[in-house]
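Me: I would like to go through the terms used for this structure one by one, and ask what each of them rests on. Please set the values against the cut-offs as we go.

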Amino acid sequence: MKKSTRRRISILVIEDDPGDLGLIQSNVRLAGLKRIGEDDPVIWASTLADGIAAAAFNKPDVVLLDLSLPDSAGITTVERMRSAAPAVPIIVLTGQDDHQLAEAALQAGAQDYLAKGQLFQHDALGRAIRHALVRQKLESRLHLLDAALNAVASGIVITDLSAAIEWANPAFTQITGFATSEVVGHNPGEMLNSGKQDGHFYEGMWQTILAGRVWTGELVNRRKNGSLFDAALTISPVTGGDGSIRHFVAIMQDISERKATDERVQHLAHHDQLTDLPNRMLLSDRLFQALAQVRREQGTLAVMFLDLDDFKPVNDTLGHDVGDLLLKEVALRLRGCAPRSSDTVARVGGDEFVILLAQIDKAADAAVVARKVLTAVKRPFAIGPHRIDISTSIGIAVYPEHGEDVSRLLKNADTAMYHAKKAGRSCYRFFRELAETTRA
């Protein structure tokens, strides 16, 4: 036969009357808390001081506490015992059937209150002990969950059905800057609203959670001090026994640092590290989008391919550090020549640049920009103690005359640039079909 795995409980009785102690021990046996062959679960102490010492040594599961002891009396007895053994449930036993005293004992930390004359009534003591042990387990679990929620780095709030906050953990305060006292009773969406999400965003969120589904997304929130932060948010409905939604639990993480890192990675992937201009990948993407737009609108765009003249001697005579500084200055001047948001200035090679003019009315507009570039680059550059004179050769391909896709336009602009080089440098040339066939 399989042995019982029931754990033996330990009951500390702090009672100065031996007769009452015997009464309690009888009730313990009648309640089935002591089985045949088991040691007596009752530990006796006749004073509060002895009881406190016994609690520290024996670690009892429950304390049965008389309020009238030789060294302590009244509610102070409960408070002192609770302070000495805060994790042990206390059941107050007294000869007084006083409701006010019972309420005061419960407020002082006792879990139950029994008049000694009630002990034999319907297993009152046994039920009180069992219930105290169950409540203690539940309270321990609640304390554990509370500690876990308070320790997590994510902000957590619990709201009622109307989104009024009932509870918030310390991480929510740390992330938002709002103290718990400032948020309880308020709607988190209203307090943290940055204005970056429109009404449709919140309508979709509410439709999801009111339908009983979990909503997950990202948004921009505002802290108490007015600063903005990126947040990852999950809102889960909490239902009651009848299936109706009673609360919402929202878990929020500040992802500003992660978003900033992602943006930096994306920027590095699409920009030249020296000049911070768009690289060939980003240029191709913007050119692809610009072509799609001009096709729809039957418009015109131009691609200008630039190669610096006499740049290699700068590197050879003054060093690559000076050459790098020169390239950065060239990039700044090129940006000034194509300042519109629709324009793109990119670095595609060592001393090669491309300017995309995504919105022009006619090919002659590209020539205007090309002349600005020639003038800007020809002005002397002051790099440290050095005065450097260079120029650039420019090839221009116009959509749709000189190509209708990304690769063709770039190839033909490059071809036109080589003809500008042959024509004496420091000039620009448009691509012509004849130019491609006569290229040396």
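Me: What makes Phe353 in β15 the bridge partner of Leu306, and in which sense do β13 and β15 pair?
Reply: This is a predicted model, in which local features need pLDDT of at least 70 and side-chain atom pairs count only at pLDDT 80 or more, whereas totals for chains, interfaces and linings use all residues. Residues are numbered from 1 along each chain as its sequence is written, and side-chain values use heavy atoms, with hydrogens and water left out. Two strands pair if DSSP finds at least two bridges between them, strands being DSSP runs of E with at least two residues and helices runs of H or I with at least four, numbered from the N terminus. Strand β13 (residues 300-309) and strand β15 (residues 352-360) are joined by seven bridges and pair in the antiparallel sense; Leu306 has Phe353 as its bridge partner in β15.

Me: How do you know that β13 also pairs with β18, and why is β13 called mostly covered?
Reply: Nine bridges join β13 to β18 (residues 391-399), and the two run antiparallel; Val303 stands opposite Ala397 in β18. Buried means under 20% relative accessible area, exposed over 50% and partly exposed in between, with a 1.4 Å probe and protein chains only. Ten of the ten residues of β13 are buried, and the strand is accordingly described as mostly covered.

Me: What makes a set of residues a nonpolar core, and which residues have the most contacts inside the largest one?
Reply: A nonpolar core is a set of buried Ala, Val, Leu, Ile, Met, Phe, Trp, Tyr and Cys residues joined through side-chain atoms within 4.5 Å. The largest has 34 residues, and those with the most contacts inside it are Met304, Leu334, Ile355, Leu357, Val373 and Ile390. At least two residues of this core come from each of β13, α13 (320-337), β15, α14 (363-378), β16 (381-383) and β18. Leaving aside residues up to four places away in sequence, Val373 touches Leu306, Leu334, Cys337, Ile355, Thr392 and Ile394, where contact means heavy atoms within 4.5 Å. Another core, of 22 residues, lies apart from it and includes Ile14, Ala102, Ala110 and Tyr113.

Me: Why are β2 and β7 called edge strands?
Reply: The open sheet of five strands has the order β2-β1-β3-β6-β7, with parallel pairing, and β2 (42-45) and β7 (112-115) each pair on one side only. Inside this order, β1 (residues 11-14) and β3 (residues 62-66) pair in the parallel sense over four bridges, with Leu64 in β3 as the bridge partner of Val13.

Me: At what angle does helix α1 run to β2, and how is such an angle defined?
Reply: Axes are lines fitted to C-alpha atoms, for helices over the stretch in contact, and angles run from 0 to 180 degrees between N-to-C directions. Helix α1 (residues 18-30) lies across β1, β2, β3 and β6 (90-94) and runs at about 165 degrees to β2, while helix α2 (residues 48-58) lies across β1, β2 and β3 and runs at about 170 degrees to β1.

Me: Why is the pair of Lys224 and Glu182 called a salt bridge?
Reply: A salt bridge is a side-chain nitrogen of Lys or Arg within 4 Å of a carboxyl oxygen of Asp or Glu, and the closest N and O atoms of Lys224 and Glu182 are 2.7 Å apart. Lys224 lies in the loop between β10 (215-222) and β11 (228-239) and Glu182 in helix α7 (residues 180-183), so the pair ties together parts that are 42 residues apart in sequence. Lys224, at 45% relative accessibility, counts as partly exposed, and so does Glu182 at 30%. By this rule the count comes to 13 salt bridges.

Me: What makes the rings of Phe201 and Trp215 an edge-to-face pair?
Reply: Rings of Phe, Tyr and Trp (its six-membered ring) pair if their centres lie within 6.5 Å, with planes under 30 degrees apart counted as stacked, over 60 as edge-to-face and the rest as tilted. The centres of Phe201 and Trp215 are 5.7 Å apart and their planes stand at 85 degrees, so the pair is edge-to-face. Phe201 is partly exposed at 23% relative accessible area, whereas Trp215 is buried at 10%.
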